[in-house]
Amino acid sequence: MSKPIVAIVGRPNVGKSTLFNTLAGERISIVKDTPGVTRDRIYAEVSWLDKNFTMIDTGGIEPESKDIILSQMREQAQIAIDTADVIMFIVDVRQGLQDADSKVADMLRRSKKPVVLVVNKVDDFNKMMADVYEFYNLGIGDPHPVSASGKLGLGDMLDEVISHFPEGAGEEEEDDRPKIAVIGKPNVGKSSLINKLSNEDRSIVSNIAGTTRDSIDTNVRYNKKDYLFVDTAGIRRKSKVKEDIERYSIIRAVAAVEKADVVVIMIDATEGVTEQDAKIAGIAHDRGKGIIIAVNKWDAIEKDNKTMKKHTEEIRDVLSFMPYAEILFISVKSGQRLNKLFELIDVVMENNAMRVQTGVLNEIVTEAVAMQQPPTDKGKRLKIFYVTQVAVKPPTFVIFVNDRNLMHFSYTRYLENRIRDTFGFQGTALKFIIRERK
Ligand code: GDP
Ligand code: GDP
């Protein structure tokens, strides 16, 4: 089962980003330069005690006028309700209870999602507690006083957050249908694809196996096999503010990717691949999912015998962090290569869950090391003792070495390529953990 999602909602300036940054800390991605991971802090991985979750900051850009604060907050709250397992609602003790807070609290209460009410800027727990009690009036439970900047009260708050996680979160799911997320910029054709595949026969599935998250997933039967296209709800949610549209499409993508085995990254052939595509693709890469890049609207562009090659080169360049991803040119409109899409989904899903034998693995690595000497530093040479696969989804390898500082990224990449030459692993990221042997 997927990792729980916790969304932060609150008025501007209550301290959402401060809290987010405090909790997010620094994280390690599979590849350090994945776009959208370090630059853009819309989402982050958080660990508390033995629980891991994905935190999302729904706060968009600063509204220009006061009247749109409420409408923007409603949108944020709706996104949180759609995507999150637990919502952290942040208010500001210094400003006190505001009308917009009450309205949003009503909305959250009606959603029946677990809400943790966080009262921020309580920089002095002795003097300011009286002001915290006012927030009981919101009717969404006990206020949790914190100081995001002073790092006070965060432990109790996190205890409360994780206590709401669905039973069994993070464990294997019983449903064995391949789960596919279709992500991409607005207007690339995501909903068109789902509609076409499902022949308008969309089923609303709520409370899937043990989650409390209501979701609209779409079952598609193809070649006598069932596939579940996840999180197709809200794909049509549109906002007027461009930055918000981008933010929401990223939030949706994070939520969908979290639930998926295979991610179809949809790119618009008429626009070509863009930086925003790279950001969205980075989400799927970073989580080690099976990946297919589908270039849609192939019917709508003029083509000659070089067009496909040109598009492929551009994609490889802009999405250079995922050279393993499959690229497919499709047209949802005409149905071109949609059968191939399902073939690829099966292949990629298998590869994402593939286990290789330790014996063969070490033969390959030994051979690779003989062909290209490992790096040295100050006269000391990297020694590779042993490699073993410790996990799947994504396939994860531990490399035991004499000194981990000697292991350069480029040498890991070299070993990865040799492993791929042998086993394929087409369409999936591989993860490498470097350990020193004691
Ligand atoms: P956002 O708009 O909700 O994301 O709010 P920000 O995180 O940008 O914070 C708004 C302002 O509140 C900034 O000036 C922060 O430094 C300040 N702030 C955030 N947390 C605290 C806190 O715990 N105590 C105090 N006194 N100020 C804080
Ligand atoms: P979404 O925002 O990603 O869900 O995109 P939509 O599914 O709403 O599609 C946006 C627009 O692209 C609509 O006008 C579709 O008719 C159009 N569209 C989708 N797929 C194709 C395609 O394969 N070819 C062409 N020419 N247009 C398409």
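Visitor: Where is Lys112 found?

Guide: Lys112 is found in the loop between H3 and E5. Such labels denote DSSP runs numbered from the N terminus: helices (H or I) have at least four residues and strands (E) at least two. Lys112 takes a positive phi of about 65 degrees although it is not a glycine.

Visitor: How are the numbers and letters to be read, and what kind of model is this?

Guide: Residues are numbered from 1 along each chain as its sequence is written, while chains are lettered from A and ligands numbered from 1 in the order in which they are written. The model is predicted: local features need pLDDT of at least 70 and side-chain atom pairs count only at pLDDT 80 or more, whereas totals for chains, interfaces and linings use all residues.

Visitor: What is the mean pLDDT of the protein, and where is the pLDDT below 50?

Guide: pLDDT is the predictor's confidence in each residue, from 0 to 100. Contact, a term needed here as well, is counted when the C-beta atoms of two residues, placed from the backbone, lie within 7 Å. The protein has a mean pLDDT of 85, with 85% of its residues at 70 or more. Residues 27-39 have pLDDT below 50, and this stretch makes 24 contacts in the model beyond near neighbours in sequence. Residues 200-215 also stay under 50; for them the model has 27 contacts beyond four places in sequence. The scores of the model are ipTM 0.71 and pTM 0.71.

Visitor: In what order do the six strands of the open sheet stand?

Guide: Two strands count as paired if DSSP finds at least two bridges between them. For angles, axes are lines fitted to C-alpha atoms, for helices over the stretch in contact, and values run from 0 to 180 degrees between N-to-C directions. Here the order is E2-E3-E1-E4-E5-E6, with mixed pairing. Strand E2 (43-48) and strand E6 (143-145) stand at the edges with a single partner strand each, so one side of each has no neighbour in the sheet. From one strand to the next, the twist averages 30 degrees.

Visitor: In which sense do E1 and E3 pair, parallel or antiparallel?

Guide: Strand E1 (residues 5-10) pairs with strand E3 (residues 51-57) in the parallel sense, over four bridges. One bridge joins Ile5 to its partner Thr54 in E3. Helix H3 (residues 99-111) packs on this sheet, where it touches E1, strand E4 (86-92) and strand E5 (115-120); the direction of H3 makes about 165 degrees with that of E4.

Visitor: In which sense do E2 and E3 pair, parallel or antiparallel?

Guide: E2 and E3 pair in the antiparallel sense over six bridges, and Ala44 has Met55 of E3 as its bridge partner. Their hairpin has two residues between the strands, and Leu49 there takes a positive phi near 50 degrees.

Visitor: Which residues come nearest to ligand 1 and ligand 2?

Guide: In the classes used below, Ala, Val, Leu, Ile, Met, Phe, Trp, Tyr, Cys and Pro are nonpolar, Asp, Glu, Lys and Arg are charged, and the others, Gly among them, are polar. Around ligand 1 there are 16 residues, of which Gly15, Lys16, Ser17, Thr18 and Ser147 are the closest. Helix H1 (residues 16-24) gives the most to this shell, with three residues. By class, the shell around ligand 1 has three nonpolar, ten polar and three charged residues. Ligand 2 also has 16 residues around it, and Gly189, Lys190, Ser191, Ser192 and Lys333 come nearest. Helix H6 (residues 190-198) supplies the largest share of that shell, three residues. The shell around ligand 2 divides into five nonpolar, seven polar and four charged residues.

Visitor: How many residues of domain 2 are in contact with domain 3?

Guide: Domain bounds come from an automatic or database domain assignment, which gives domain 1 (5-164), domain 2 (179-353) and domain 3 (358-436). In domain 2, 14 residues are in contact with ten residues of domain 3. On the domain 2 side, strand E11 (290-296) and helix H10 (338-352) each supply at least two residues. H10 gives the largest share of that side, five residues. That side of domain 2 has eight nonpolar, five polar and one charged residues.

Visitor: What is the order of the open sheet of three strands?

Guide: The order is E15-E16-E17, with mixed pairing. Strand E15 (384-391) and strand E17 (431-436) are at the edges, each with a single partner strand, so one side of each is left without a neighbour in the sheet. E15 pairs with strand E16 (residues 396-401) in the antiparallel sense over six bridges, and Val387 stands opposite Ile399 in E16.

Conventions. Near = placed C-beta within 6 Å.
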